[in-house]
Amino acid sequence: MEARQRFDDLVRTYSTEIYRYAYWLCRDEAVANDLVQETFLRAWRSIAQLREVAAVKAWLITIVRREHARLFERKRFPTEDIDEIPVEDDVNLSADAQIDVHLVRAAMLELPDKYREPLVMQVVMGMSCKEIADSLEISESAVMTQLFRARQKLKELLGPGEAAEVADHARD
Amino acid sequence: MQGTDRQDFRLRLGADPSDPALAREAMALGDGAQDELRRAQAFERALGEALAIPVPDQLAQRLQAIAVQKSSGGSAWSGRAPWLALAASLLLVLGLASTIWVNQPATASPLGIAAVEHLVHEPFALLRTEIVAQERLDGLLRKAGLELPQAVAVNYASPCPVYGQQTVHMVVQQPSGPVSVIYFPRRESDALGDFRHGPTNGRALAYGDGMLVLMANDDAGIGAVEAIWQSAMLAGEPSGQLIAGMD
């Protein structure tokens, strides 16, 4: 019973973030679903050993990354078409903001993996540079460089006008 | 000194705009830096909104059901051996791709070849393990003029243009691997029967007012899925006149 409760708490706390992380990692909704399911299945199997609450997020991230790598190590699939990126359910955004969201998502899909992944870890998972560095097994300064370049590249992809407009919408 | 500080500020702003220490530094550096900070933080909010993609309905409940299933010893296809299924799917995708790249001679009809080659365009379809909502599947089939008296379960369903017409492309996961099913509405049944294209086996059936093309790398999977679809149609047609494979 205690294990069930802990697992339910784990799912409630992390399933949304982990799904979003998985999605931006693989850029496909169905594969993200499978990755998340496999991740939580493993979490359930190991629930008795999961004592350190602080380490849970990093542990879940590691499983997602490992499963994703196993799936993709031999074969690169085409990525999802820009028009297929889910935008319709953003009920909290105005119509104008939805356009901006669409642009940013499209740019994110074009961002190279080495930039996209740490950026998603930081923005979606709320991880610090140190946590990202530990997960990716690179130095903290390398993470900061990648994050800096990720944002630069994203703004380049959006174009100077679009990037400023996106920021203006967010500031309003 | 000011220049170095400004450069360091910009680097840190680009790496982590949410760092609370940046506000203090921006104040020390002056108006220009405060503007940069405001712009960077505004962009960050937009980025956060963009990355917060919609999460599938009932995601948490489905994941919590894993514990219930596993505790009771139950199993679902996707939970039992998802990576076996994925591996089989990948093999099929690679096989299909190599078929086209190597340009092997086809023994299938032009429609059969088009159906097999369409699968390469949607490799992710073969990886799907969730059951498609019945309303969605019924809606797609109804649009294609097909009403099944009995529900069938599929793991992927999408309207797709194949061989010059709109079709319903579906995938059914089987223990032997995924079976792709394409329904061609209002199609004359002029190329029925079993066929093979590269490593892919296929079977074309007359079904409803059109054709059903089943494809897999294993005949057992095709046979199993054919039986399900025959049964679904026969549930409303006691005479069973609508199903006709040509062996």
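Colleague: What distance does helix α7 (residues 140–158) of chain A reach from its first C-alpha to its last?

Modeller: This is a predicted model, in which local features need pLDDT of at least 70 and side-chain atom pairs count only at pLDDT 80 or more, while totals for chains, interfaces and linings use all residues, and side-chain values use heavy atoms, with hydrogens and water left out. Residues are numbered from 1 along each chain as its sequence is written, with chains lettered from A and ligands numbered from 1 in the order in which they are written. Helices (H or I, at least four residues) and strands (E, at least two) are DSSP runs numbered from the N terminus, and the expected span of a helix is 1.5 Å times one less than its number of residues. Helix α7 of chain A has 19 residues, and its reach is close to the expected span, coming to 27 Å.

Colleague: Which residue just after α7(A) takes a positive phi?

Modeller: Within the helix, A:Val143, A:Gln146, A:Leu147, A:Phe148, A:Ala150, A:Arg151, A:Leu154 and A:Leu158 are buried, where buried means under 20% relative accessible area, exposed over 50% and partly exposed in between, with a 1.4 Å probe and protein chains only. Just after the helix, a positive phi of about 85° is taken by A:Gly159.

Colleague: What share of the residues of chain A count as buried?

Modeller: The secondary structure of chain A comes to eight helices and zero strands. Of its 172 residues, the share that count as buried is 52%.

Colleague: With the side chain of which residue does the side chain of B:Glu44 make a polar contact?

Modeller: B:Glu44 has its place in helix α3 (residues 31–51) of chain B and is buried, with a relative accessible area of 11%. Leaving aside neighbours within four places in sequence, its contacts (heavy atoms within 4.5 Å) include A:Gln122, A:Val123, B:Pro17 and B:Ser18. A polar contact is a pair of N or O atoms within 3.5 Å, of which, within protein, one must be able to donate a hydrogen and the other to accept it, and residues adjacent in sequence count only if both atoms are side-chain atoms. At 2.5 Å, the side-chain partner of B:Glu44 is A:Arg151.

Colleague: How many disulfides does the structure hold over all chains?

Modeller: A disulfide is a covalent bond between the sulfur atoms of two cysteines, and it is counted here as a pair of cysteine sulfur atoms within 2.5 Å. A:Cys26 counts as buried at 5% relative accessibility, and B:Cys160 is buried too, with a relative accessible area of 1%. Over all chains, the number of disulfides is zero.

Colleague: Which residue in β6(B) does B:Tyr183 stand opposite?

Modeller: Two strands pair if DSSP finds at least two bridges between them. Strand β3 (residues 177–184) of chain B, with eight of its eight residues buried, runs antiparallel to strand β2 (residues 165–174), to which seven bridges join it, and a hairpin connects the two through two residues. With strand β6 (residues 210–216), β3(B) pairs in the antiparallel sense over five bridges. In β6(B), the residue opposite B:Tyr183 is B:Leu212.

Colleague: By what distance are the C-alpha atoms of B:Val152 and B:Val225 separated?

Modeller: B:Val152 lies in the loop between α8 (134–143) and β1 (156–162) of chain B, and it counts as buried because its relative accessible area is 3%. Not counting residues up to four places away in sequence, B:Val152 touches B:Gln134, B:Leu137, B:Ile228, B:Trp229 and B:Ala232. B:Val225 is 73 residues apart from B:Val152 along the chain, and their C-alpha separation is 9.6 Å.
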